[in-house]
Structure formats: structure tokens, C-alpha cells
Amino acid sequence: MASLALRRTTGTVAVGAGRGCRGVSSAATRRDRHPKGTPRQEAEQSQRDLILQVLSARPSTRDSKSYLASFASPSNPPLPFTSRSEIPLPADPSNPAASPASSLSLIDTLLNPVHPRAGIVKLQGPFTDRQLASICHGMAHLRQLGLVSVIVVDSEDWTPPKIRKIRAEGRVHELMDAMREETLRVTELLLDSGADARPILHPIARLDAVPRSLPPWAQATAQPRARGRDVGPETAHLEEADLEPVRKAVARNFIPVLPAFALGPSLETVPVHADEVVVALAEAMAYAGEGAQEALEADKELATSGEAAPDTPPSPPPKPAPPPQARLAASTPLSPADLPPIAPPPSTLPSPQPIDLTPLRLLSITRTGGIPSPARSGLPHLSINLNSEHAHIASTFVWSSSHPTALSNLALAHRCLEHMPRTSSAVIVGHRSAMGLVSNLITNRPAHSASLPHELLVTSDRITAHTPTVIRYGVPIRVLRKFEDVDQDKLTRLLEASFGHVLDREPFFERLRTDLDFVIVAGDYVGAAVVTNERDPQDPDSPPVAYLDKFAVLPSSQGDGTVDFLWIALRDESFGLGLLDALNTNGGLGGKGIGRDLVWRSRGNNPVNKWYFERSSGFLRIPGQTPAAVAAGGWVMFWADAEDRLARKVKGPFATPLAPPQVDLPGAEGCTRDGGGLSVVEVDEEGRLERWARVAGGVKGSWLR
């Protein structure tokens, strides 16, 4: 058994420096200490910074295609990437024949030209001029890449209770003046950053005559009630005509900047909580985006059929244009070459494309940054699946003093993402990481995968207190422990679509009927993890091995966070069981129990193995038993150690309060090495690799072809 490697998750992991946002912010800080250069030098420096951020994002082929599909101009088709190796590399300066233009073709495709799309930004200060200038530089970079931010100016001081108090005291104009002043300040700094910006100082939202009924998670739970009474929040909406200033600004690639104003019942302008304006914008822009998509589809059908659309009144005939000679001076000598070309008939002229206002991102830029996570010792969540995690995060949140707006921003993300496309995401980010939003725009992923072991992220400084939190509407997660609860047809379709093979259905499900431990299902079978109890063929009376038989996600859902959400749920139900950070509400064990070592195998030439290497405690190469397995380089057996057992060995039995009482717990005896600390192989681990290899190597294949 060669090629053995393992990692102890409780020890120090030596890895390379992770990519993060702090390097960009530090560079920006260093530059601020020097005098500003000429406008041309500043523009060139900004362009260089943007190119470096694009390159540091390291987008995959899927990320690049997805970005270009949203932002590339129709006149500039996306690059035909087929693999990461085809992304052009920088030119070799030692080779004079190397062309810099060709080496930066990816950057050229990203930047010139782009089709402007809209995003919504809540700028929640107060910020210093220096902080706000850094944020505005980030907004300018996003605009260069095609995302025109619709900015709503907010402050931690403008909470609903304070706004109600100011209204009651008759000081509305003071607050409105402060909001206008902050809006103009943001606009001015955007202009200084090289971004065209336009303040919209009149209200475009309208207060609902009867506030909408909101679910409990959508209410400002962290904000005090007015005099002990349960005062519901004001809600707002936008009419289609109200979006016209925003539509015109986005069409001209201008960043609109809005104060949190709304029209009251008597058409008076009143200050409101910025969240209500943001939600109203998200709903109205998503609806307007659907209309733009329908118009585009109708134009395509009309162009291909050459017929008028049904129920469409005929267009009036175009007014005849004066002859070219009449537009020229009488004294100008004319020749046929001097005449302008004859225009094509009006029916063949391209019609102006409707502006798609569908918001692709929701950004909440705050002073405190991402939402703290108990699983990361107070460091931010990397990503959140609202469908399965929102209620649990809100009920266990203990950082209200240091992050007073975290829960309200989480609720804001939930309310907005309900209206936005499922491919959209929300980002809660601090002002120190605002320049790093370029990476998220290109990849639509968090800074680092949320399913990576926490120790791997912390020891390499990949995650800090300023790391952004990416939020997705996500999918519900369910844990099924009865075979009868498994939808065999849907699971079959998922496995065949994910693996690209035909399932040998009857023997596969017959084995699940007898050996199933649990199945974790994401959404309506867009993803699934199948875990079975496998016996050692040489010792069938020994405890069964928890074996990850299948881990699959539909190709259409790969890249939208489902893979990470599914792996985290798998960890909570197996090798992470018994720890406080395994608490969840997905219908499983809720973190209560004794963790189990998880074992799985993958073909030796599987490109996904790199992903497994980063999430496993170790791996072992074992020979294949069939010609197909031998041709694929044999098997790589991975395993993940039960984390509660290792925690008890290092920290004692009180390290796992969720473990069942009055039970002999694995690892409670402590470490076996003199002086403490985990050894490479603990006494209770001797011989387990041989046993696991027999189990993993003996599992029969599941595919017909």
C-alpha cells in the first residue's frame, strides 16, 4: 500500500499563503500615503489594479463562461474556453516576438466592451472619507467589468426607531438634509474614482398604505420596539414608471445614488429605513428584468420568422428623410463618392435593445463585515444557504453588540433574493474588503470554499475578520434514514446526469435496501450524498464502516454553492457529529451523537480528486480489481477522521457536550503519545487502513456502462 498521506485536523497544517482581500486593501493603503499623480497616472494605476484583481480571482472555465454570458457584449462573443490551460498567459518579456495584446486577450474580453447589468448596493456607514474612497474605487472597478451599482445610502444611525422618533419630534427636514448631504458625498467620491455617477435626490419608492405582513425572520429583531408596542416595519414598493431614472442611468453606464426617501400617503417626501427602499428596488428591478427578457425573446422570434407578432399594432410608416443633397451646402460640389451610403430599409435596422434591470448582486457594505459563525470561532461565515440555515443562525446569534446590523442585513438578503434569480447572490462585506468584490463578481463564489476544514483556512490566514459572507437563496437540505423515503426515480436521474453513466438500477437499490445509513438530499434531488454501512469481508462481525457511496450534484447546480452546502451537511451527519458546530435543522441528528470516520473512494484519474484531497484527513492508493479500474489508475481511498474523537483525545471528554451521556466515548482515554498531542497513528487506529481498504476495494460498481 503505497502513497499514504494524512492530515490531523487538530494540528498545525503547513500550507501556502491563501488568497484574500487584505493584500489589495494594504496596497491601497500604502498608495494613499504618497501624493496623487496626474489624472492619467491615476487612471493607469486604477486599470492595473483592476487587471491584477481579475487575475487574482483565478476563475475556472465555468466561472469565465458564466461571467461572459452575463456581461460580454453581443458584438464581442465570449472566448471559446475548453480548459483552464487555454487561458492566455502573460507574455514572456525575454521573447520579443511575444505579443502583449494576445497575452491579455482574456482581460480585453472582460473589459472591452461589456454589456451593463445592474446590481443593488446598500452603503451602510458612517464611513470616513478614506474608507468611502476605497469603497468607491471598488464600485468603479465593478462598473468597468459591467456591473452598474444602484446605490442606496444608509447609516447605522438611521434605524427605524430613530426615524420614527425624529418624525414624532418634527425634525424630518434635518434628517433629510443629512441624507442628501451623504448622497452627494458618495456621488462626489465616485466621480473622483473615475466612475460616472448621478444622484437621484427625489423619492422613487412609495410607502405601502398597509404595511405588508412579514415573516418573523424579516423583522428587525435586534432593534428595540417603540415604547414596548409591537410596531411593524414600514414597507414600500415601486411602480414601473418610478424605475425610469434608474433605467436611464444604467443604460448610460451611470451609477445612480439614492437616499432612503419615499412618497408618503399624501405624496409628501419622508425618510424611511434604507432596507425598505432596497427591497422595493429588488422586486421592481427583477420584474422589469423579466419584461426585458420577454421583449428580447419576442425580438428573436420576430427576426427569425419575419412576421409581425400577434396582437401588435402595426408601426407607423417612418417619416421620409430629406435627400442628402438638401443637407449639404449649396456651394459644395458633389460627386457620387461624396454622397453618404444609402441606409437599409427600416425593417432591417436593428431595434434598440431593452435594458435588463434584473439585479445580479446585492451588496451590503458595512463597517463590521461578514456575519460571525460559531463554527469558525466568531470569524465570518464564508457562505450561507438561506433555505436551511437562516432560522438557526438567527436563533443562535450572540454577536449583537459587535455586529449590530448582521441579522437585519441577513434578513434583507433573504427578502431581496426571494425576488432575484436563483443564480444571484448577496454579499455582506466590510469596507476593508470592498476592493475584493471583483473576485466575487467574476466567480460568483465566496473567497474560499465553505466546505474546507476550518483549521486549513485559519492556519493559512485565508479567512480573517474582514472576509465577506456570500449568501444564496439556496435549497432545503433533508436527511432521509429510511429506504422507503428515497425517491428512486429522481435519485437515478440525478446520478446518471451527474456521472454520465447508466445506473445498474436493480442491484444498486437492492444494496441500499439492506445497507443504507442515510441519504442527504438537496432541494428536489439537485444533489445527494448516499452513505452506507459496509462490512469487512474478512471480519463481518466487526462494526460497519461508514462509506460514502455516492456524492452527486446536477451539472446545472454545480457552481451555485450546492456542492458546499451538501458536503457541510454530510460532515454534520458523519465525521463532524457530536460537535457544537454540527448543530443544524436539516431533519438529521441535529449534531447530537457520536462521530464516525467516513471512508470513500475515487478513480485514480478522477479530476475531482484534488477537491477530495483538501477535505479529507488522508488518502491511500489501492489497486483496482476490474480492467476498467486498472485502466483508470486504480482507486484512491479517502477518509475523514471523526472530529469529536480527536477533540476528546486532545481536550478531554468535556470538549463534546453534545455526545450522549453514560456511554463509553471513543477518544476519552486521551492521547497515547507521551507528552500529549496526537501521534501519526493512535493505538485505537492500528490496522484500520487495511480494513478500510478491503471494504472500499470490495464495493461493486454501480454502472451498466
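Biologist: How many salt bridges does the structure hold?
Modeller: It holds 37 salt bridges. Keep in mind that the model is predicted.

Biologist: Start with aspartate 177. Which residue does it form a salt bridge with?
Modeller: Arginine 180. The closest N and O atoms are 3.3 Å apart.

Biologist: Now arginine 481. Which glutamate does it form a salt bridge with?
Modeller: Glutamate 573, with the closest N and O atoms 2.7 Å apart.

Biologist: How many residues apart in sequence are the parts this pair ties together?
Modeller: They are 92 residues apart. Arginine 481 lies in the loop between strand E14 (477-480) and helix H16 (488-499), while glutamate 573 belongs to helix H18, residues 562-573.

Biologist: Is glutamate 573 buried or exposed?
Modeller: Glutamate 573 is buried, at 4% relative accessible area. Arginine 481 is partly exposed, at 34%.

Biologist: What about arginine 688? Which aspartate does it form a salt bridge with?
Modeller: Aspartate 641. The closest N and O atoms are 2.8 Å apart. Arginine 688 is in helix H22 (residues 688-698), and aspartate 641 is in the loop between strand E20 (635-640) and helix H21 (643-651). So this pair links parts 47 residues apart in sequence.

Biologist: Is arginine 688 buried or exposed?
Modeller: Arginine 688 counts as buried, at 10% relative accessibility. Aspartate 641 is buried as well, with a relative accessible area of 4%.

Biologist: Which residues do the shared partners join into one network?
Modeller: Asp597, Asp641, Arg645, Glu685 and Arg688.

Biologist: Switching to aspartate 356. Where is its place?
Modeller: Aspartate 356 is in the loop between helix H11 (324-327) and strand E10 (359-366). At 5% relative accessibility, aspartate 356 is buried.

Biologist: What does the side chain of aspartate 356 make a polar contact with?
Modeller: One partner is the side chain of arginine 117, at 3.1 Å. Another is the side chain of threonine 358, at 2.7 Å.

Biologist: On to packing. How many residues has the largest nonpolar core?
Modeller: It has 87 residues. Met139, Leu281 and Ile471 have the most contacts inside it.

Biologist: Which helix gives the most to this core?
Modeller: Helix H10, residues 274-305, with ten residues.

Biologist: And what does isoleucine 471 touch?
Modeller: Beyond residues up to four places away in sequence, isoleucine 471 touches Ile371, Ile384, Leu386, Leu410, Ala413, Leu417, Ser425, Ala426 and Ile428.

Biologist: What does the second, separate core include?
Modeller: That core of 25 residues includes Ala522, Leu566, Ala569 and Phe575.

Biologist: Where is isoleucine 151 found?
Modeller: Isoleucine 151 is in strand E3, residues 147-155. It is buried, with 1% relative accessibility. Leaving aside neighbours within four places in sequence, its contacts include Met139, Leu190, Val121 and Ile255. The C-alpha atoms of isoleucine 151 and alanine 197 are 9.9 Å apart, though the two residues are 46 apart along the chain.

Biologist: New topic, the open sheet. What is the order of its four strands?
Modeller: E6-E5-E8-E9, with mixed pairing. Strand E6 (236-237) and strand E9 (269-271) are the edge strands, each pairing on one side only.

Biologist: In which sense do strand E5 and strand E8 pair?
Modeller: Parallel, over two bridges. Arginine 206 stands opposite leucine 263 in E8.

Biologist: What lies across E8 and E9?
Modeller: H8 does, running at about 80° to E9. That is the helix holding aspartate 177 and arginine 180.

Biologist: Last one. Which residues are buried in helix H12?
Modeller: In H12, residues 386-395, the buried ones include Leu386, Ser388, His390 and Ile393.

Biologist: And what covers the buried residues of H12?
Modeller: The cover includes strand E11 (383-385), helix H13 (406-417), strand E13 (469-472) and E14.

Terms used:
Residues numbered from 1 in each chain as written. Predicted model: local features only at pLDDT ≥ 70, side-chain atom pairs only at ≥ 80, totals over all residues. Heavy atoms only, no water. Salt bridge = Lys/Arg side-chain N within 4 Å of Asp/Glu carboxyl O. Buried < 20%, exposed > 50% of the residue type's maximum accessible area, 1.4 Å probe, protein only. Polar contact = N/O pair within 3.5 Å; in protein donor to acceptor, adjacent residues only side chain to side chain. Core = buried A, V, L, I, M, F, W, Y, C linked by side-chain atoms within 4.5 Å. Contact = heavy atoms within 4.5 Å. Pairing = 2+ DSSP bridges. Axes fitted to C-alpha atoms, helices over the stretch in contact; angles between N-to-C directions.
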